[in-house]
Amino acid sequence: MKNVLSIILGGGQGTRLYPLTKLRAKPAVPLAGKYRLIDIPVSNCLNSGVDKIYVLTQFNSTSLNRHINQTYRPSSFSSGFVDILAAQQTPDNPGWFQGTADAVRQYMWLFEPWDITEYLILSGDHLYRMDYSDFINRHRDTNADITLSVLPVGYDVASSFGLLKVDGSGRVIDFQEKPKGDALEKMKVDTTSLGLDAEAAKEKPFIASMGIYVFKKEVLAKMLKNNKECTDFGKEIIPFAIENYNVQAYLFDDYWEDIGTIESFYDANLNLAKPNPAFSLYKSESPIYTRPRYLPPSRIFDCQIKDSILGEGCILEKVTVNHSMLGLRTTINEGSVIEDALLMGCDFYQKDNEYKADIAAGRVPMGIGANTTIRRAIVDKNAHIGNNVQIVNKDNVQEGSFEDQGFCIRNGIVIVLKDAIIPDHTII
């Protein structure tokens, strides 16, 4: 794996994850109470022995830069690194990144001098655990020019993916990016060939690309140089490659979630709080790394907590928490009820004198006030939520932007903005 260079694509504006991406890049969005999305692919790389890692970003990369710099500091005796590469204007490329392939193309001058044999192209917004060494060894064993990681999917999500067909040797013979209607029907295959039983194959009759690729070094360089009009891997580079190169499929048979929307982000986080989650944070042989913090343990006084995950440094007093995720430094005052909610916590503790000054002045201090109910919601970091507040989507609104009031609603999920102030007795 020392001959592999990993390139993690940070994505564009992340509009489908807005407002969580209002002030941060998509890979910097908090995950599971203490991590960030970028920690997943970086941890997979490190656990697989891939230690040369670049992260390509374009929007709101300040917090992502800080997280990478504070988290991943390889030994000075190691050749490994995790570096951020932001979009930049140059004489040859006066514009910003125009797509996934264009982002890689604009930095090929930096990638090509590396003495490596493969490029591992990853996405920064997926939740999964993969040993990339198996993936890369399959690529080498089949002498592939490109290998795509794939998984079987059903009708409910098929049109959101690039779909493909393979022959008996695993070679990709057809690829369609996000087909719909008749084009979707034409991409149906018998997925029992992938090892699924008849019932599972009926439920999942499509083979989807996960947006994870291995390229031979010279193949990627040649394709990007000779096809400068192609700006996206899924839409242009991969379909072209199928006709001209040996493109293989690698079946990934485990949990994988594309965290590209508010709903998928919410569901993926709360699924971690179930008794037997599909994705576990607790595998010692392949840990998820993140920035070390020197926080006290959580303090829980006279509370009822069920099917939930609490980050470090939380302070809870006489509250009820059910099927929820509480991030670092979450403070909840007595009588409050948190249910089916994701609270991202705080970046710091509010100082005692500031807290007392807020109370004295009638302002809302940081944290969750007393006798407040939060249900089916996401509360971003450093929120100030008052006493007797109801965040329950009482009118069952599915979509709405109320940023001047400190919140939005996406897919029926209320999202309280970062640093928002929700006054006492507010009902949302």
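**View 1. Partners of strand β11.** Two strands count as paired if DSSP finds at least two bridges between them. Strand β9 (residues 162–166) and β11 pair in the antiparallel sense over 2 bridges, so this pairing meets that cut-off. The model shown here and in the other views is predicted. β6 is another antiparallel partner of β11, with 4 bridges. In that pairing, Glu118 has Lys216 as its bridge partner in β11. β11 itself is mostly covered, with 10 of its 11 residues buried. In a regular strand, side chains alternate between the two faces of the sheet.

**View 2. The aromatic pair Phe135 and Tyr250.** Across the whole structure, a search finds 16 aromatic pairs. One of them joins Phe135 and Tyr250, with 5.1 Å from centre to centre and 35° between the planes. Phe135 is buried, at 0% relative accessible area. Tyr250 is buried too, at 15%, because the cut-off for buried is under 20%.

**View 3. The aromatic pair Phe215 and Phe233.** This pair is also tilted, with ring centres 5.6 Å apart and planes at 45°. Phe215 lies in strand β11 (residues 206–216) and Phe233 in helix α10 (residues 233–244). The two are 18 residues apart, and the pair links distant parts of the chain. Phe215 counts as buried, with 0% relative accessibility. Phe233 also counts as buried, at 1%.

**View 4. An aromatic cluster, and a charge over a ring.** Tyr54, Phe81, Tyr107, Trp109, Phe111, Trp114 and Tyr119 belong to one aromatic cluster. Elsewhere, Arg329 lies over the face of Tyr349, 6.0 Å from the ring centre.

**View 5. Leu120 and the nonpolar cores.** The largest nonpolar core has 65 residues. Leu120 is among those with the most contacts inside this core, together with Leu20, Tyr128, Tyr132, Leu163, Phe265 and Ile378. Beyond its neighbours within four places in sequence, Leu120 touches Val4, Leu5, Ser6, Ile7 and Cys45, among others. Its contacts also include Tyr132, Phe135, Ile136, Tyr213 and Val214. A second, separate core has 41 residues, including Val172, Val219, Cys230 and Ala249.

**View 6. The surroundings of Asp125.** Asp125 is in the loop between β6 (118–123) and β7 (126–128). This residue is buried, because its relative accessible area of 7% is under the 20% limit. The Asp125 side chain makes a polar contact with the side chain of Lys26 (3.0 Å). Another polar contact joins the side chains of Asp125 and Ser123 (2.5 Å). Leaving aside neighbours within four places in sequence, Asp125 is in contact with Lys26, Leu37, Glu257, Asp258, Ile259 and Gly260. Asn388 is 263 residues from Asp125 in sequence, and their C-alpha atoms are 35 Å apart.

Note on methods
Residues numbered from 1 in each chain as written. Predicted model: local features only at pLDDT ≥ 70, side-chain atom pairs only at ≥ 80, totals over all residues. Heavy atoms only, no water. Phe/Tyr/Trp six-rings, centres within 6.5 Å; stacked < 30°, edge-to-face > 60°. Buried < 20%, exposed > 50% of the residue type's maximum accessible area, 1.4 Å probe, protein only. Lys NZ or Arg CZ within 6 Å of the ring centre and 35° of its normal. Core = buried A, V, L, I, M, F, W, Y, C linked by side-chain atoms within 4.5 Å. Contact = heavy atoms within 4.5 Å. Polar contact = N/O pair within 3.5 Å; in protein donor to acceptor, adjacent residues only side chain to side chain.
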